Each structure stands twice: as C-alpha cells, then as structure tokens.
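Thanks for coming, everyone. Let me put the structure up, and then we will walk through it piece by piece.

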Amino acid sequence: MLDLMLAASDDPSVPESRKLSDTEVLAQSIIFLAAGYETSSGTLSLTCYHIATNPDIQDKLQQEIDNVWTDEEQLPTYETVNELPYLDMVISETLRLYPPGK
C-alpha cells in the first residue's frame, strides 16, 4: 500500500491538488500499521487459543504442516504457507467466530 501511495504522489498524470504530501503518506502508513497490527495480533491470539483447546484440530494441523514443511532448518516461505489449506480453514473459522472490528 505504501508503494501505491508513493507511486501516486510521483505520478505526473495526477493533478497536484489530488496528490498526497509526504506527511500524508507518513500518516496513512502509521494508521495502516496500527490497524493491521491490532487485527492480526487478535486473530492470531484467538487462533492459538482455539488450536490449544482442540487437540484433534491441533494434531491434524501439525500433520499438515509436517507434510508440507519438510526442511526444519529452512524458514517456511510464503509459498509453503499457501500450501496449507487446513491452516487457512482454521484461521477462516476463527475470523468467522470473531470478526475483526466488532
């Protein structure tokens, strides 16, 4: 998002009155960071709680992670995490039960 805001502020086809100043870009970035942190941390906390209180889901999720992430010396990549459909379902269920912003 920051990249888009910076590109728009440098775009010659955008009228000067519609461009964001450096201060406005900075302010928007701080708001995105603060809002994103709160919703992400809340979702991850609730997901961890539900995984911990449901051992059968925890075991199934652990098995899926072990099958996809075989090299424990290497940190998982974005592509590796995208290969975890059950993890996506667990997080989606947490978001369904506790939608952010309520």
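Start at Ser29, which sits in helix H2. Helices here are DSSP runs of H or I of at least four residues, numbered from the N terminus. This is a predicted model, where local features need pLDDT of at least 70, side-chain atom pairs count only at pLDDT 80 or more, and totals for chains, interfaces and linings use all residues. Residues are numbered from 1 along each chain as its sequence is written, and side-chain values use heavy atoms, with hydrogens and water left out.

Buried means under 20%, exposed means over 50%, and partly exposed lies in between, with a 1.4 Å probe and protein chains only. Now look across to Tyr86. Ser29 and Tyr86 are 57 residues apart along the chain, and their C-alpha atoms are separated by 32 Å.

Back to H2 as a whole. H2 has 32 residues. From first C-alpha to last it reaches 47 Å, close to the 46 Å expected at 1.5 Å a residue. That expected span is 1.5 Å times one less than the number of residues. Which residues of H2 are buried? They are Val25, Thr43, Thr47, His50 and Ile51.

Next, the partners of H2. Take H3, residues 55–68. The axes of H2 and H3 come within 5 Å and cross at roughly 105 degrees. Axes are lines fitted to C-alpha atoms, for helices over the stretch in contact, and angles run from 0 to 180 degrees between N-to-C directions. H2 and H3 are therefore roughly perpendicular, a term for angles of 65 to 115 degrees. On the H2 side, Ile51, Ala52 and Thr53 meet Pro55, Gln58 and Leu61 of H3. Contact means heavy atoms within 4.5 Å.

Then H5, residues 85–97. Its axis comes within 9 Å of the H2 axis, crossing at roughly 110 degrees. So H2 and H5 are roughly perpendicular as well. Here Thr43, Leu46, Thr47, His50 and Ile51 of H2 meet Val90, Ile91, Thr94, Leu95 and Leu97 of H5.

What about H3 and H5? They pack at about 140 degrees, with their axes 8 Å apart. Ile57, Lys60, Leu61 and Glu64 of H3 make the contact with Pro85, Tyr86, Leu87 and Val90 of H5. Tyr86 itself touches Ile57, Lys60, Leu61 and Glu64, leaving aside neighbours within four places in sequence.

Now the core. The largest nonpolar core has six residues: Ile51, Leu61, Leu84, Tyr86, Leu87 and Val90. A nonpolar core is a set of buried Ala, Val, Leu, Ile, Met, Phe, Trp, Tyr and Cys residues joined through side-chain atoms within 4.5 Å. H5 gives the largest share, three residues. In soluble globular proteins, nonpolar side chains tend to be buried together.

Last stop: Val68, in H3. Val68 is partly exposed, with a relative accessible area of 25%. Not counting residues up to four places away, Val68 touches Thr80, Glu83 and Leu84. The C-alpha atoms of Val68 and Leu84 are 7.4 Å apart, and the two residues are 16 apart along the chain.

Key
Helices (H or I, at least four residues) and strands (E, at least two) are DSSP runs, numbered from the N terminus. Angles under 35 degrees count as roughly parallel, over 145 as roughly antiparallel, 65 to 115 as roughly perpendicular and the rest as oblique.
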